[in-house]
Amino acid sequence: MTTETASRPETHAFEADVSKLLHMMVHSVYSDRDVFLRELISNAADACEKLRYEAIATPSLLGDDPQPRISLTLDADQGRLTIEDNGIGMTAADMGETLGTIARSGTKAFMDRLAADAGKADSQLIGQFGVGFYSAFMVAREVEVFSRRAGADDAACWRSDGLGTYTIAPVDLDDAPQRGTRVVLHLLDDAKSYAERSTVERIVKAQSGHVPVPITLFEKADSEGALVADGAALWLKPRSEISEADYADFYRSVAGQYDSPAHTIHYRAEGRFEYSVLTFIPQTKPFDLFDPDRKGHIKLYVRRVFITDEAPVLPRYLRFVRGLVDSTDLPLNMSREMIQDSPVLAAIQKGVTGRVLNELQKLADSDSEAYLRIWENFGPVLKEGLYEDFERRDTLLGLARFKTTTSGDDWRSLKDYVADLRENQTAIYYATGSDLDRLSTSPQLEGFRARGIEVLLLPDQVDNFWTSIGVDFDGKPFKSVTQGGADLTLIPLSDGAPSSPQAEAGALDSFIAFAKEALAGSVSDVRVSERLTSSAVCLVASESGMDRQLEKLLANAGQLPQASLPVLEVNPGHLLIQKLATTDDANAMKADLAHLLLDQARIADGEQPSDARAFAERLDRLMRRAVD
């Protein structure tokens, strides 16, 4: 390669999202700038692990340098910090693809969150979206990346000041690593401390002490190096030799987060298959937890050789769990495509899933407060398993916690609920909706409250699905308070619950017949309610119909061609119903009032009147009549 060829850099513009991100980084989005070093070390360790995997099929890639390593070189005089690895390396094309774009889905949400949290020390956002390389621009006025891919005969340099463009140019092999990547940070004036040994050593030991690649620190390019991290596999050590600080450090490295784990699960499975497991449940909830493209974060190793960071070790409803599995039985030359069909991995999946759920149950039994913190973050995700995982449904029902009509701010288990069943109560009653406040004031709950019957309040979308598939607990079926007959007559009213005088039976029957005719085409039936004690009307689904909240959800998603007609229930003890029952059918206002009752029930259910103009006209006639 000639010097002339090597001096021709190609200039490229960053993608729009990268430019926006870099602007935020350059202007110090994060108050804790130390995070950049952990991110660059993590990238270097990943590169070493990728090489170790590729070298299984192509040993020649290792050449005469088989041991992975990361080196940090300081130059306090020039204000430079260099991070170098002997991993897989990059070609010029790799640089453009990897360092010029953000491929991770959810980028827009990340950008919005960055903008909203500007100036806050919420550094875990960096790791969550895999954009850690760009954090270098928090401390550097210019970044240079020299790289040579393993087995390649050429090398390239990527260079940028983070202000909108970058260049890529070929470089002489003498100016690049023999293999791998060298990142050179030209530090900002207020970041020169990152070229000092005490600062760098402190950060490495606090944040990267347990990456699975040795890290050596050089105070100068020609000085003797000092080992600051030995690259030992933490997951292979006995628990007795590992401190909570060690676990927290490794968790941050493997999970890409900056909090501490809420719970750690570390064990070795022995028997037909042997494997080591080190997993963590985070303290904080990733805001992309419900991103449909979001995958799990379990790394798969085979005898310490990294295979993939997207191994399907845990079911989707445990996707918040972070960590790794290291198997001694899977073949080292196993391709990522072969993983799906491996009976060994299937056994590992079953074992690890069972162990995670068992550990959660132990935590719920021994430390309910710690468990409830996990449930508050990840309960909606765990409940997906009630719909998806028939085999473990009973276990998940035991782990589930609910707000109810009697719990106040506390959470209740189904075991608690069943222990407090009322006399003659044979079902577990629930109400689904969009938020707890609206649910707790639903008119359909009135009759249940009057009898002291506890009702589960279910505000998550997934609740509409798992309750619809015939689930039961301890032999008690789940029954929606908005579906079919309430069947409350056998359960006595609570002491002190008021009872309202009923409308005269003949007159009430006449009004119901009138309402059925007036509302034909809008409701499937009009009937007396067992649910209502203070409201005049409410809407419910028929016994054979779909729960109303599930129907709304499917209709809004375009998955129902036509919604079914609801049932209008009337309260025979309500003064308005009693008055209407004795109103002459010839009264011009009676039909208007029947329609207004239906619209009132819709509004109480969080809906709009079906015909806003007709609703306004009827209300106008009623108000004019009232003031005449």
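This is a short walk through the structure, stop by stop, with something to select at each one.

**Before you start**

You're looking at a predicted model, where local features need pLDDT of at least 70 and side-chain atom pairs count only at pLDDT 80 or more, while totals for chains, interfaces and linings use all residues. Residues are numbered from 1 along each chain as its sequence is written, and side-chain values use heavy atoms, with hydrogens and water left out.

**The whole protein**

Start with everything in cartoon view: there are 22 helices and 22 strands. Here helices (H or I, at least four residues) and strands (E, at least two) are DSSP runs, numbered from the N terminus. Of the 628 residues, 52% are buried, where buried means under 20% relative accessible area, exposed over 50% and partly exposed in between, with a 1.4 Å probe and protein chains only.

**The nine-stranded sheet**

Now pick out the open sheet, whose strands run S1-S6-S5-S4-S7-S3-S2-S8-S9 with mixed pairing. Two strands pair if DSSP finds at least two bridges between them. Go to S1 (10-13) and S9 (226-229): these are the edge strands, each with a single partner, so one side of each has no neighbour in the sheet. From one strand to the next, the twist averages 20 degrees.

Select 180-187 next. That's S7, and eight of its eight residues are buried, so the strand is largely enclosed by the rest of the structure.

Glu-84 is the bridge partner of Arg-182 in S7. S4 also pairs with S7 in the antiparallel sense, over eight bridges, and there Phe-146 stands opposite Arg-182.

Stay on S4 (residues 140-148) and bring in S5 (residues 155-160): they pair antiparallel over five bridges. On this side, Phe-146 stands opposite Cys-157. Then show helix H4 (residues 92-99), which packs on the sheet and touches S4, S5 and S6 (165-171).

**Ile-70**

Jump to Ile-70 in strand S2 (residues 70-75). Is Ile-70 buried or exposed? It is buried, with a relative accessible area of 0%. Contact here means heavy atoms within 4.5 Å; beyond its neighbours within four places in sequence, the contacts of Ile-70 include Ile-41, Ala-44, Ile-83 and Val-213. Ile-83 is 13 residues away in sequence and 7.2 Å away in space, C-alpha to C-alpha.

Which residues touch the most other members of the largest nonpolar core? Select Val-352 and Phe-478, in a core of 71 residues. Such a core is a set of buried Ala, Val, Leu, Ile, Met, Phe, Trp, Tyr and Cys residues joined through side-chain atoms within 4.5 Å. Helix H10 (residues 343-366) gives the largest share, nine residues. A second, separate core has 48 residues, among them Cys-48, Leu-187, Val-200 and Val-213.

**Last stop: two crossing helices**

Finish with H18 (residues 505-518) and H21 (residues 588-604), whose axes come within 10 Å and cross at roughly 80 degrees. Axes are lines fitted to C-alpha atoms, for helices over the stretch in contact, and angles run from 0 to 180 degrees between N-to-C directions. Show Phe-511, Phe-514 and Ala-518 from H18, which meet Lys-590, Ala-591, Ala-594, His-595 and Leu-597 in H21.
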